[in-house]
Amino acid sequence: MITRQRLAAGICALLATLTAGVAFPAGAVADETDSAAAPKVELVLDVSGSMSAKDIDGGSRMAAAKQAFNEVLDATPEEVQLGIRTLGANYHGNDRETGCKDTAQLYPVGTLDRTEAKTAVATLTPTGWTPIGPALLKAADDLDGGDGTRRIVLISDGEDTCQPLDPCEVAREIAAKGVGLTIDTLGLVPDAKTRDQLSCIADATGGTYTSVQHKEELSDRVGQLVDRAADPVVTPVATEGASQCSSAPTLKSGLYTDREEFGKQRWYRVDVNPGQELRTSVSVGADREVNPDYGVLLRAVTVHGREIVRGEGTGNGRTDAVSTGLRYPKAESDDDNAPAETVCLQVTNSFSAASGVKTTPGLPLELTVDVVDAPSKASDVASFGLGRGWWLLGALVLTGFVAGLLWGWVSRWRVAVWRTN
């Protein structure tokens with residue numbers, strides 16, 4: 001009896017594992033088209049009074065920054081348009097209002113003249129306040145325009161001293177515009193508060209944060225970030241989903257960004273011709289503190305509201321994003337003039353904000369849409385999301401049923417023999 005129970009349990013476990021393996025839809029793959037526009041980078045350097053502290057390899061933080069800039073300027077790829085902005089470099093006084101406006105473009109974003117840029121950096125002296133928020137706003141304006149990669153690299157050794165303009169909120173506002181601008185941050189010998197603020201700024205735009213204790217670390221990291229801007233990337237297109245399908249934007253194959261409020265839904269439309277397959281995936285990120293246990297639901301429905309297929313993803317507070325995807329093939333038609341089918345995509349999240357956390361702007365959402373020639377018959381792929389796995393599942397069920405009958409017959413025979421003896 002115990003052996004029979006173990007066999008049944010094993011068969012059920014195998015079926016469950018195989019079902020799970022074939023049930024999850026493949027993630028979408030977007031068209032990766034390199035942008036012809038030149039990548040742009042602006043280095044934003046903190047030149048406040050605290051940068052005179054001598055705690056980086058026996059020298060001042062300012063000296064380490066200057067050395068790093070000189071090395072990076074020498075190694076900047078030719079195709080990268082680079083600029084330099086400072087904060088706290090010009091005002092020596094104690095007036096907070098004036099000090100919080102102290103940000104200036106030291107070298108304009110454009111084709112790099114290495115000698116001119118180095119000469120400008122050499123003139124810097126640690127001076128004033130730390131207006132990180134205003135500097136980020138100006139830097140975003142400096143990089144405005146064009147379709148290429150845009151990156152801000154912020155180097156600072158302290159917190160913003162110009163509250164209530166929270167630099168983390170500024171970064172979220174920049175991200176909410178959907179301009180595809182990334183902010184990377186580096187903290188020079190940072191304390192806990194500085195580290196938290198710089199990390200928040202980076203997280204809001206999908207950038208990175210690095211803590212720096214030595215000159216070589218600073219030079220290497222800034223150089224890596226500038227080089228990364230020259231790498232071919234897919235530039236996301238900003239879009240704005242609707243509250244219902246009838247007014248949703250129609251998307252083509254590509255990568256899109258949007259913002260979605262906590263616990264809300266966004267609708268998009270995609271046209272799928274007969275013989276084509278829609279592959280789409282979505283990721284919703286937690287760019288601020290959220291309550292644990294959350295999820296995202298992606299549904300493909302007809303314009304009349306009938307669900308076609310769905311994908312679901314969940315998290316428990318240990319990840320910064322949750323993703324899911326789906327596939328929908330449109331069967332071929334004998335009519336060469338058959339119209340495309342409009343598929344409505346609904347994205348819903350179950351994130352909830354932690355106490356005291358702002359709910360605006362919404363959470364960052366990234367949607368990938370790919371419409372390709374269908375690789376197989378629609379019935380093979382869209383059968384409740386299992387595709388050809390239904391054949392395997394049916395065979396396993398039949399095999400398990402026959403094996404159960406045989407095992408039951410053998411067990412009864414053995415019991416009869418035992419009683420006879």
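K330 is partly exposed, because its relative accessibility is 24%. This residue is found in the loop between β13 and β14. Its C-alpha atom is separated by 8.0 Å from that of E341, and the two residues are 11 residues apart along the chain. Keep in mind as you read that this is a predicted model.

**The five-stranded sheet**

- Five strands form an open sheet, and their order is β7-β8-β15-β10-β13. The pairing in this sheet is mixed.
- Which strands stand at the edges? They are β7 (237-238) and β13 (321-329). Each has a single partner strand, so one side of each is left without a neighbour in the sheet.
- Strand β10 (residues 276-285) and strand β15 (residues 363-373) run antiparallel and are joined by nine bridges.
- To find a spot in this sheet by eye, look for E277, which stands opposite V372 in β15.

**The four-stranded sheet**

- An open sheet of four strands has the order β9-β14-β11-β12. Its pairing is antiparallel.
- At the edges stand β9 (265-272) and β12 (307-315). One side of each is left without a neighbour in the sheet, because each has a single partner strand.
- From one strand to the next, the twist averages 15 degrees.
- β11 and β14 pair over six bridges, in the antiparallel sense.
- A handy landmark is L297, which stands opposite T348 in β14.

**Three disulfides**

- A disulfide is a covalent bond between the sulfur atoms of two cysteines.
- How many disulfides does a search of the whole structure find? The search finds three.
- If you number the bonded cysteines of the protein in sequence order, the pairing reads 1-2, 3-4, 5-6.

*C100 and C162*

- C100 and C162 are joined by a disulfide, with an S to S distance of 2.0 Å.
- This link of C100 and C162 is left-handed, with -100 degrees about the S-S bond.
- The pair links distant parts of the chain, 62 residues apart. C100 is in the loop between α3 (96-99) and β3 (103-110), while C162 is in the loop between β4 (150-156) and α6 (167-176).
- Are these cysteines buried or exposed? C100 counts as buried because its relative accessibility is 12%, and C162 is buried with a relative accessible area of 6%.

*C168 and C200*

- Another disulfide joins C168 to C200, where the S to S distance is 1.6 Å.
- With -45 degrees about the S-S bond, the link of C168 and C200 is left-handed.
- Here, too, distant parts of the chain are linked: C168 is in helix α6 and C200 is in helix α7 (residues 192-204), 32 residues apart.
- C168 and C200 are both buried.

*C245 and C344*

- The sulfur atoms of C245 and C344 are 1.9 Å apart, and the two residues form a disulfide.
- Why is this disulfide of C245 and C344 left-handed? It is left-handed because the torsion about the S-S bond is about -60 degrees.
- C245 lies in the loop between β7 and β8 (254-260), whereas C344 lies in strand β14, so the pair ties together parts that are 99 residues apart in sequence.
- Both C245 and C344 are buried.

**An aromatic pair**

- A pair of aromatic rings is described by the distance of the centres and the angle of the planes.
- The count of aromatic pairs comes to one. Y294 and F351 form this pair, which is stacked, with 4.3 Å centre to centre and 15 degrees between the planes.
- Y294 and F351 are 57 residues apart, and their pair links distant parts of the chain. Y294 is in strand β11 (residues 294-301), while F351 is in the loop between β14 (341-349) and β15.
- Y294 and F351 are both buried.

**A buried serine, S60**

- Where is S60 placed? Look in the loop between β1 (40-46) and α2 (61-75).
- S60 counts as buried because its relative accessibility is 17%, and the cut-off for buried is under 20% relative accessible area.
- Not counting residues up to four places away in sequence, S60 touches M51, S52, A53 and K54.

Note on methods: Residues are numbered from 1 along each chain as its sequence is written. This is a predicted model: local features need pLDDT of at least 70, side-chain atom pairs count only at pLDDT 80 or more; totals for chains, interfaces and linings use all residues. Side-chain values use heavy atoms; hydrogens and water are left out. Helices (H or I, at least four residues) and strands (E, at least two) are DSSP runs, numbered from the N terminus. Buried means under 20% relative accessible area, exposed over 50%, partly exposed in between (1.4 Å probe, protein chains only). Contact means heavy atoms within 4.5 Å. Two strands pair if DSSP finds at least two bridges between them. Rings of Phe, Tyr and Trp (its six-membered ring) pair if their centres lie within 6.5 Å; planes under 30 degrees apart count as stacked, over 60 as edge-to-face and the rest as tilted. A disulfide is a pair of cysteine sulfur atoms within 2.5 Å. Axes are lines fitted to C-alpha atoms, for helices over the stretch in contact, and angles run from 0 to 180 degrees between N-to-C directions.
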